[in-house]
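Please go through the notes below with the model open.

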There are 2 protein chains.
Amino acid sequence: MSVTSPVRADLSLLLAAITQRLGAAHVLTDPADMAPYLREERGLYQGRTAAVIRPGTTEEVAFVVAACAEAGVPIVPQGGNTGLVGGQTPFGELLLSLTRLDRIRNVDPVDMTMTVEAGVILDTVHHAAEDAGCLFPLHIASQGSCRIGGNLSTNAGGTAVLRYGNARELVLGLEVVLADGRVWNGLKRLRKNNAGYDLKQLFLGTEGTLGIITAAVLKLFPQPAQRSTAFLAVPGPGAALALLKRLRGEAGDALTTFELMAAFGVETVLKHMPGTVRPLAERYDWYVLAEFSAPTRAFDLAALMEEGLGEAMEAGEVLDAVIAASEAQADALWRLREDMSEAQKHEGGSIKHDVSVPVSRVPEFLERALAAVTAALPGLRPCPFGHVGDGNIHFNLSQPEGMEKAAFIDMWETFNRIVHDIVTEMDGSIAAEHGIGRLKAHELVHYGDPVALDLMRRLKQALDPAGLLNPGKVIEE
Amino acid sequence: MSVTSPVRADLSLLLAAITQRLGAAHVLTDPADMAPYLREERGLYQGRTAAVIRPGTTEEVAFVVAACAEAGVPIVPQGGNTGLVGGQTPFGELLLSLTRLDRIRNVDPVDMTMTVEAGVILDTVHHAAEDAGCLFPLHIASQGSCRIGGNLSTNAGGTAVLRYGNARELVLGLEVVLADGRVWNGLKRLRKNNAGYDLKQLFLGTEGTLGIITAAVLKLFPQPAQRSTAFLAVPGPGAALALLKRLRGEAGDALTTFELMAAFGVETVLKHMPGTVRPLAERYDWYVLAEFSAPTRAFDLAALMEEGLGEAMEAGEVLDAVIAASEAQADALWRLREDMSEAQKHEGGSIKHDVSVPVSRVPEFLERALAAVTAALPGLRPCPFGHVGDGNIHFNLSQPEGMEKAAFIDMWETFNRIVHDIVTEMDGSIAAEHGIGRLKAHELVHYGDPVALDLMRRLKQALDPAGLLNPGKVIEE
């Protein structure tokens, strides 16, 4: 006599009900069909689930969540599956994919807003904004495949935060499916709204643990009419900080990018990425990618850049510089920054830290952290780069040449402790723009203020009392 | 035999304990001493309390809140007592004044941050930023007496939101005393921090109902190096919107102010405010105050303004214009906008609506709302003005000449219903920048989405389960 456990039976009934509503094509249970949703880009995790559920509308998301709530079955929401902290990966929960919610509902170039569903690919948002003569300024490496719902759920950052802010600041309204399956329609297109608590803040950056974002009203900006892009060699992070201050004083808000890179990263891109070109004659230890852009032609950004860099060279803040003379040259300079994570894969295992400190303390952080990690493992090749104007450094470490990759990856905790201890001592953050997900949930408990952790747990309890939304992510169980 | 009620006895014990900790000078119970804290600027409310408690440090605030929590006694926190919706007024609760927490803890011109206590007057924040060569861009009419804690608790807006955002967007970190008296120290100076939920969002704009802000890390900006201020006559709100788009295209982010005013308001200022001067030879129905400012002298803002306005006049968007030739002239033009609320007091009773709609719908809103209110009361003198680039109109109504003020004020509900119905139909907000407080708590229930109201109540329950922090404000009991 065979016994079916009640849970199994419930799950079968639940999936049958969902299949009836969504159609069999949108409830994947075949391992081959599910594989792309369960793969983690860097191989850190292998997801497991009984089914990948692909609703096509907000109403269908609400139906699925309500049915799961009734059955007591937990869910992991997923956008483009590009997250770097395992937040989108199920470990036994059902997977709810938002990719079919891919409609742009409205673009308004007078209000400067766009209403999009969660599954729209970030680059599609960019193009729709451009088509309306506008700019949506969120730019991150995965923009060709990540989805806006994931960007908002993780409060994504990127290369334009300096001027435009993080994803949180680019949102006017949200539509959210709550843990019990109700829909909160907060799709306001308002620039000012103090009518009660700002509920959208509960769902921005909370990684799907308090609700599932199904649509959003995004802020658009005037499209740049000109840009001036420069690639610079600088003596070090301290000089970079002085240069940042100088260029901001020169151009004000027209300084829209300021990215610091160590030599190893740039050399790795030049070595592995086809078509990249060395921008300066000599090799240096530190580089900066700086860009001015503005929605007006009333003043000449290239002339401003030349003047600023001329003064910076006299002051010793810049050792050598190239200013792009064409859009193609600008794009080529950008590749040296944008291809960095991809290129690093060719150098074996890498252990990554996405950290931030107060802007003024970036040089001190780099000095201390570089000394500490290279002392811990001879031959280690640090690859720090990032958004120095935001105090956000991707403190990535490539394994020593010849070391076994697995042995290096086993040192993850060791390096976490070294780097995160320094960051915490400097009143920084162990998770600047990639979030906590699964990867750092334990670190958050390790370093977190007990009062803050208690507040987070109270929020989770208030909004998802049964703990069915992305359990174990952000807040450890 | 006299009987003392248990509540009274508890209150006496509580006040004795607080007096012992703070000193008698900081626990006011004399009606004359308490009067300034209980007065509501426009006479809408008369506050009542057993005591005004004035702690001097975060630790003292925590002590008071913990003691009140233990005794089950509710508290109303208050900053500069300038709120326009009664959020700072006690109706029997104890009053906790934050005015003695008035230290500037730190100003950092490299990080571009300032750490201030809740009781610092907004203008003091402005001056401290200027002294460090920086700008803190929150500008509102009450800046000489309002306090930063109140500005943050109400997510204040003002005349620079167009470029710099609301108060919420000007904060990097908070220190908060929770309902049970614990202190959450979230005073991070980080531009990027995704380490768990963004807890500061729980306290920004929630009017002291979820916690009491005691200190904050504010974002600073580069100080403007030049500005160009213009006062313009425009054919109407539609032309103003076209002009907004044109000037933004011309100057980009250098367009930092764009305020629309109806004739009645400007004439009222000219009539009642000493030293004000008519800016244009003729009288018009609608005016705009526009300002360009930028932290650089690399391009000429006055020339940009002249060029933009020349084109706008050709396009019929501007009828007449004056550009300030000096700082003194610029200040004089600003007074025509800034003195408007004050001047309106001389014209008898006024009923105010602080509303917003999508920017593109401002002309439609004004047309519909003006027709509706003037039809409802012959002789009514509407005084709409506001931040058209934010979609935020102060739709103020001055009483008909000769009408009794009290009779007019009795019509508050009638006009609320007319204006707020139109706003709601247009997917706007009945509370754009002044908040809900007590004045609009009932309106929020009337117009609020039940799902949103339920989420707000869950938050209140999670963070202040005993309902002791500013009860009856924002969320009606």
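How many salt bridges does the rule find across the interface of chain B and chain A?

1. **Salt bridges across the interface.** The rule finds 14 across the interface of chain B and chain A. A salt bridge here is a side-chain nitrogen of Lys or Arg within 4 Å of a carboxyl oxygen of Asp or Glu. One case pairs the side chains of Lys188(B) and Asp427(A), at 3.6 Å, N to O.

2. **Basis.** This is a predicted model: local features need pLDDT of at least 70, side-chain atom pairs count only at pLDDT 80 or more, and totals for chains, interfaces and linings use all residues. Residues are numbered from 1 along each chain as its sequence is written, chains are lettered from A and ligands numbered from 1 in the order in which they are written, and side-chain values use heavy atoms, with hydrogens and water left out.

3. **Extent of the interface.** In contact (heavy atoms within 4.5 Å) are 87 residues of chain B and 87 residues of chain A. The two chains bury about 6600 Å² between them, with 56% of it on carbon and sulfur atoms. Buried area is the accessible area (1.4 Å probe) that two parts lose on being put together, summed over both. In chain B, the most area is lost to chain A by Lys192(B), Asn194(B) and Tyr197(B), together 16% of what that side buries.

4. **Symmetry.** A rotation of 180° with 0.0 Å of shift along its axis puts chain B on chain A, at RMSD 0.0 Å. The two copies are therefore related as by a two-fold rotation axis. The superposition is by least squares on the C-alpha atoms of residues with pLDDT of at least 70 in both. The same surface serves both copies: 100% of the contact residues of chain B recur in chain A.

5. Over all chains the rule counts 68 salt bridges. In one of them the side chains of Arg103(B) and Glu117(B) meet at 3.1 Å, N to O. Arg103(B) sits in the loop between β4 (94–97) and β5 (104–108), and Glu117(B) in strand β6 (residues 113–117) of chain B, so the pair ties together parts 14 residues apart in sequence. Strands (E, at least two residues) and helices (H or I, at least four) are DSSP runs, numbered from the N terminus.

6. An unreviewed UniProt entry annotates residues 45–223 of chain A as "domain: FAD-binding PCMH-type". Such annotations may be inferred rather than shown by experiment. Over residues 45–223 the chain is 19% helix and 24% strand, and the end C-alpha atoms are 39 Å apart.
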